Amino acid sequence: MMKFEEEKMEMEAASQSSSSQVTAQHAPPSLGVAVVGRALPDAGAGAGAGAGAGGAPPPPPPVADAWQRAWRALVPQWNQVRGSLKRLPDVPILRVNQIDAARLDVEMTAMLREQLNKVFSLAQPGLLLRYELELNALLEFLVWQFSVWVDRPTPGNALMNLRYRDERAFASLLAAGNVRNGLEGPGLTKSQKLWYCLAMVGGRYSWGRLQLISAFHRWGDQERSSWACRAWRLLQRAESVYKIACFVNLLFFLRSGRYPSIVERLLRARLVYQRPQMDRAVSFEYMNRQLVWHEFSELLLLVLPLLNMMSIRSILMFPFSNDQTSAASLPEGTCPVCEAYPITTPFMAIPCGHLYCYFCLRTRTLADANFQCRRCSTNVVALKRFQEQVSLENSQKGEGL
């Protein structure tokens with residue numbers, strides 16, 4: 001009896017264990033995780049016991065602000081990458097503004113020179129002509145002193161809303177990230193201003209004076225082995241090199257819009273807008289009017305020599321004139337054009353043979369290749385000097401008298 005009860009209890013225990021396994025296999029994932037979670041502590045305890053027995057110790061847990069430290073370490077690299085990818089705010093400066101500014105500066109100097117000539121108009125004639133280069137250099141120096149030297153724009157730059165900027169200082173500002181609209185940057189340094197004066201004022205004066213001296217003393221006509229001829233050839237080569245450099249600089253200027261002159265390129269003095277929101281202060285109405293009249297005059301000078309004004313005049317005035325009848329009614333020996341009697345220097349129109357003054361007939365035939373005789377309306381193809389023939393009988397009568 002006791003043996004039967006023990007076998008019954010073993011069978012119930014086996015059935016309970018099998019039912020628990022079936023439930024664990026068909027349970028949802030959460031239940032399976034829970035079941036496994038109940039078994040993990042035992043396994044962890046065994047692993048901990050094994051590690052404590054002779055394995056490596058577990059890694060320590062991370063610090064609470066470890067991600068902040070990693071972020072602070074990556075910030076400089078991130079800023080460097082952003083700085084390399086950051087584009088320069090390039091503000092395009094109109095090329096016509098820069099060219100107009102240089103032209104206006106030249107016109108301003110010419111106006112000052114004209115006023116100076118009026119002041120000395122009552123002085124000795126030719127007094128200012130001998131010192132023309134010195135006066136030009138003096139006026140350019142005064143313009144430079146009261147504009148560039150005191151960090152102000154020249155008259156042309158002021159009208160075009162431009163100023164000079166040191167590109168080297170602007171590059172340092174750009175590297176530091178202190179650029180917002182691309183128009184920042186200090187003006188020229190003292191060394192740049194002095195070199196600008198020496199190149200623009202002193203260079204022009206020296207070159208003009210050398211040209212005058214070489215032309216006056218005829219350096220080019222001296223012997224090839226003389227120092228004067230060598231200096232003259234050197235001046236010619238220097239002028240050629242300068243013209244080529246100016247042409248190359250012009251090509252770069254048209255492409256990039258920076259440094260319209262070689263001096264500005266060498267000094268790294270760039271023209272930028274003085275005020276970003278200011279328009280140009282120059283009205284082009286007068287300039288457009290001058291351009292229209294200039295082109296119209298050029299057209300007239302080209303077309304008028306090709307037109308036959310005498311033919312046009314005769315065609316237009318033919319319905320209102322009676323020159324044909326009046327010329328035909330004039331007596332012989334009278335010029336049909338100027339109506340002079342007697343005819344001075346008579347010439348005969350061929351083929352009709354009517355007489356004209358040489359000047360009247362010659363000018364009409366040169367102006368009009370199809371000139372017609374005023375008396376008979378025959379085309380005049382040539383002219384011949386008229387020589388009056390005296391008969392032998394008339395000469396004998398004259399001798400007898």
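This note sets out points on the pocket, the cores and the cysteines of a predicted model.

1. The largest pocket holds about 1300 Å³ of space. Its lining is made up of 45 residues, and those nearest the centre are Ala199, Met200, Arg204, Tyr242 and Ser261. Two or more lining residues come from each of helix H4 (95-119), helix H6 (132-145), helix H9 (190-217), helix H10 (227-256) and helix H11 (262-267).

2. Helix H4 gives the largest share of this lining, with 10 residues. Sorted by class, the lining of the largest pocket comprises 29 nonpolar, 9 polar and 7 charged residues.

3. The largest nonpolar core has 20 residues, among which Val148, Leu162, Tyr164 and Tyr196 touch the most other members. At least two residues of this core are supplied by each of H6, strand S1 (162-166), H9, H11 and strand S2 (269-273).

4. Leu162 deserves a separate remark. Beyond its neighbours within four places in sequence, Leu162 is in contact with residues including Ile93, Asn97, Gln98, Ala101, Pro153 and Asn157. Its contacts also include Leu271, Val272, Tyr273 and Gln274.

5. Another core, of 11 residues, lies apart from the largest one; Ile343, Ala349, Cys360 and Cys373 are among its members.

6. A disulfide is a covalent bond between the sulfur atoms of two cysteines. How many disulfides does a search of the whole structure find? The search finds 0.

Terms used:
Residues numbered from 1 in each chain as written. Predicted model: local features only at pLDDT ≥ 70, side-chain atom pairs only at ≥ 80, totals over all residues. Heavy atoms only, no water. 1 Å grid on protein atoms, 1.4 Å probe; cavity = no way out; pocket = protein on both sides within 12 Å on 5 of 7 lines; lining within 4 Å. Points joined across faces, edges and corners; volume = space filled by probe spheres on them. Helix = DSSP H or I, 4+ residues; strand = E, 2+ residues; numbered from the N terminus. Nonpolar A, V, L, I, M, F, W, Y, C, P; charged D, E, K, R; others polar. Disulfide = S-S within 2.5 Å. Core = buried A, V, L, I, M, F, W, Y, C linked by side-chain atoms within 4.5 Å. Buried < 20%, exposed > 50% of the residue type's maximum accessible area, 1.4 Å probe, protein only. Contact = heavy atoms within 4.5 Å.
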